[in-house]
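Reader: Hi, I'd like to go through the aromatic rings in this one. Can you show me the model?
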Amino acid sequence: MNNDETSSGKPVRHLLGLSGGKDSSALAIYLRDRVPEMEYFFADTGAELPETLEYIDMLEDYLGKRIVRLNPNRSFEYYLKLNGNFLPTVKTRWCTAELKIRPFEEYVGEDTAITYVGIRADEQRRMGYLSTKGNISARYPFIEDGIGKQDVIDILESAGLGLPQYYEWRNRSGCYFCFFQQKEEWLGLAERHPDLFEKAKSYEQFHKDAGRSQTWSQGEYLEDLVARADEIREKAKERKENKKKAANKKLIDKFSQENNDEIDDDGCLICTL
């Protein structure tokens, strides 16, 4: 699966970034014996969920090899001030650039490296993070080998790890304040980790005090979101029911549909390195 040396005779580095999510974790297990020289790393932003950190520790024990923790040189608060105290958004994802991409590229340096990305064969997206540096290339073993969502779950179950606990209320890894979260997931954070929810609210309050209206969840302050929790949960329930009906219809019409696989809502692609 790999080339061992560059033309200069220097070893090629094989890297697998772990997000604490199901796909990258399953890929690490899948490749553990296939690429024994693999280096594992985890970009710790300092804003990770406790469940994520616990799962990374469990995975490290299973792999029997150190998972290098990459930390940004500066905190989120530092880059927040550097960016005019404006929260990161889908269009201005400075958090991804500074807290994940920069530490990763500094870790690689000028070495020739292959990164292994956990995008599955049944996902519509076909690329995760692509480095602008010519010395870093990417491989997608799950796509190459036809590994889908159920295969990923089976890999985790067979290893005795199962899914990370945050999947009970959240469908992605990433920072606790991730702006890709659905409103229902914000409610989950408020229930499971009220301290982190309050911290996320404090960032919004700063904007309020400055006369700005920027929010984590599009068009709504977190305190208002909690006030209509019942409505949000009811709408989420309806969406899930409609999604299930649509999936059943796709199954019936599979010969006239190009793809009937469920697509995960993974926002921060660097998290799936």
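Author: Here it is. This is a predicted model. To start, rings of Phe, Tyr and Trp (its six-membered ring) pair if their centres lie within 6.5 Å.

Reader: OK. How many aromatic pairs does that rule give?
Author: The count comes to 15 aromatic pairs. One of them joins Phe76 and Phe177. Their centres are 4.6 Å apart, with 40° between the planes. That pair is tilted.

Reader: Where do Phe76 and Phe177 lie?
Author: Phe76 is in helix H3, residues 76-82. Phe177 is in the loop between helix H6 (149-158) and helix H7 (183-192). So the pair ties together parts that are 101 residues apart in sequence.

Reader: Is Phe76 buried or exposed? And Phe177?
Author: Phe76 is buried, at 4% relative accessible area. Phe177 counts as buried too, at 3%.

Reader: What about Tyr203 and Trp216?
Author: They form an edge-to-face pair. The distance is 6.1 Å centre to centre, and the planes are at 85°. Tyr203 lies in helix H8 (194-209), and Trp216 in the loop between H8 and helix H9 (222-227), so this pair ties together parts 13 residues apart in sequence. Tyr203 and Trp216 are both buried.

Reader: Which residues do ring pairs link into a cluster?
Author: Phe76, Trp94, Tyr176, Phe177, Tyr203 and Trp216.

Reader: New topic: charges. Which ring does Lys208 lie over?
Author: Tyr221. Lys208 is over its face, 4.2 Å from the ring centre.

Reader: And where does the charged end of Arg212 sit?
Author: Over the ring of Phe86, at 4.2 Å from the centre.

Notes
Residues numbered from 1 in each chain as written. Predicted model: local features only at pLDDT ≥ 70, side-chain atom pairs only at ≥ 80, totals over all residues. Heavy atoms only, no water. Phe/Tyr/Trp six-rings, centres within 6.5 Å; stacked < 30°, edge-to-face > 60°. Helix = DSSP H or I, 4+ residues; strand = E, 2+ residues; numbered from the N terminus. Buried < 20%, exposed > 50% of the residue type's maximum accessible area, 1.4 Å probe, protein only. Lys NZ or Arg CZ within 6 Å of the ring centre and 35° of its normal.
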